[in-house]
Amino acid sequence: MNASVIIFYLISAFILSTGIMAVTNRKIFRSAIALLFSLTGIAGLYFWMDVNFIAAVQIIVYVGGIVVLIIFSIFLTQRSGEEMPKPLMKRTVFSVFAVLAGLGLTCNLINQYGFNSSSDQSSAFKADVADIGTQMLSTTEHGFVLPFELVSILLLAALIGCIVIAMKVKQEEK
Amino acid sequence: MNEITITHILFVSTALFFIGMYGLFTRRNMITMLMAVELILNSVNINFVAFNKYQYPGKLDGVFFTIFLITIAAAEAAVAIAIIINLYRSHNSIDVEDASELKY
């Protein structure tokens, strides 16, 4: 048990406990705050796995963007102090059984598979921002410039779609 | 126990996936269902990075998939919240049981 292992277990316990709080808390605002902590813990797990760029993107996009968007929409649509109604007993029991069955099956499969430690042990894993940027914009065989451009078109489409969906229709027929 | 392998990280991401699944099953409020979907997407991202780090350390493909998934998840959340706010405007409620015009 060295320090790295202990830190991994701490981060995992933090992610899972705040995740459970996010899906079970009946006050919607507390549930959103628990989701924020869970996403921050996932960024910590990325830092633990030495992918600093992904961790930074996770904090910027999820914690700084999506959770703030969710909190805004909670304030626009809900009375956030009130408790949400309890889910039906039958539905809760069914969900717990379904989730436990799926979890048991998947963990069993993962445990039995026995991953090889690595196919090429020679090179150590490193994900520098320079390497990521070079490979992202390269047009050679292993470059990712086509998905990059596609994602930019997708973002533009999402932007226009949001404006169109949320736009108020003018009352012309009066 | 003394060394973290890919199996441990896969256990964590599996547990996170099924926590999100539980939220999707039990919640009937659209914003909380969206939060459960975010948890599920994050568990998938952890999987991509873990496979990249432990199985193919010389490559960066999992990192790129994670970047694109984060982008798509952000776009998805923005569109979903636009739909939710529009639904609230017409129905005065964001409970999925109240929005059943398209059901039959």
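The domain assignment of chain A comprises domain 1 (1–85) and domain 2 (128–174), with bounds taken from an automatic or database domain assignment. Between the C-alpha centres of domain 1 of chain A and domain 2 of chain A there are 25 Å. This is a predicted model, in which local features need pLDDT of at least 70 and side-chain atom pairs count only at pLDDT 80 or more, while totals for chains, interfaces and linings use all residues. Residues are numbered from 1 along each chain as its sequence is written, and chains are lettered from A and ligands numbered from 1 in the order in which they are written.

Confidence is expressed as pLDDT, the predictor's confidence in each residue, from 0 to 100. Chain A has a mean pLDDT of 87, with 93% of its residues at 70 or more. Within chain A, helix H5 (residues 129–136) has the lowest confidence, at a mean of 87, and H2(A) the highest, at 94. Helices (H or I, at least four residues) and strands (E, at least two) are DSSP runs, numbered from the N terminus.

The two chains meet through an interface in which 58 residues of chain B are in contact with 68 residues of chain A; contact requires C-beta atoms, placed from the backbone, to lie within 7 Å. On chain B, the elements that give two or more residues to the side touching chain A are helix H1 (6–26), helix H2 (30–55) and helix H3 (61–91). H3(B) gives the most to that side, with 20 residues. By residue class, the side of chain B that touches chain A divides into 42 nonpolar, 14 polar and two charged residues. Here Ala, Val, Leu, Ile, Met, Phe, Trp, Tyr, Cys and Pro count as nonpolar, Asp, Glu, Lys and Arg as charged, and the others, Gly among them, as polar.

H1(B) has 21 residues and spans 31 Å from its first C-alpha to its last, close to the 30 Å expected at 1.5 Å a residue; the expected span is 1.5 Å times one less than the number of residues. Because 15 of its 21 residues are buried, H1(B) is largely enclosed by the rest of the structure. A residue is buried if 20 or more other C-beta atoms lie within 10 Å of its own, exposed if 12 or fewer, and partly exposed in between, with C-beta atoms placed from the backbone.

The largest nonpolar core has 59 residues, of which A:Tyr46, B:Ile31, B:Met35 and B:Val49 touch the most other members. Such a core is a set of buried Ala, Val, Leu, Ile, Met, Phe, Trp, Tyr and Cys residues joined through C-beta atoms within 7 Å. The elements that give two or more residues to this core are helix H1 (3–24), helix H2 (28–48) and helix H3 (52–77) of chain A together with H1, H2 and H3 of chain B. H2(B) gives the most, with twelve residues. Leaving aside neighbours within four places in sequence, B:Ile31 is in contact with A:Ile28, A:Ile70, A:Ser73, A:Ile74, B:Ile84 and B:Ile94.

A:Pro87 is placed in the loop between H3 and helix H4 (89–113) of chain A, and is partly exposed, with 15 other C-beta atoms within 10 Å. Apart from neighbours within four places in sequence, A:Pro87 is in contact with A:Thr92 and B:Thr26. A:Asp50 lies in the loop between H2 and H3 of chain A, and its phi is near 65°, a positive value in a residue other than glycine. B:Asn92, in the segment after H3 of chain B, has phi near 60° and counts as exposed, with 9 C-beta neighbours inside 10 Å.
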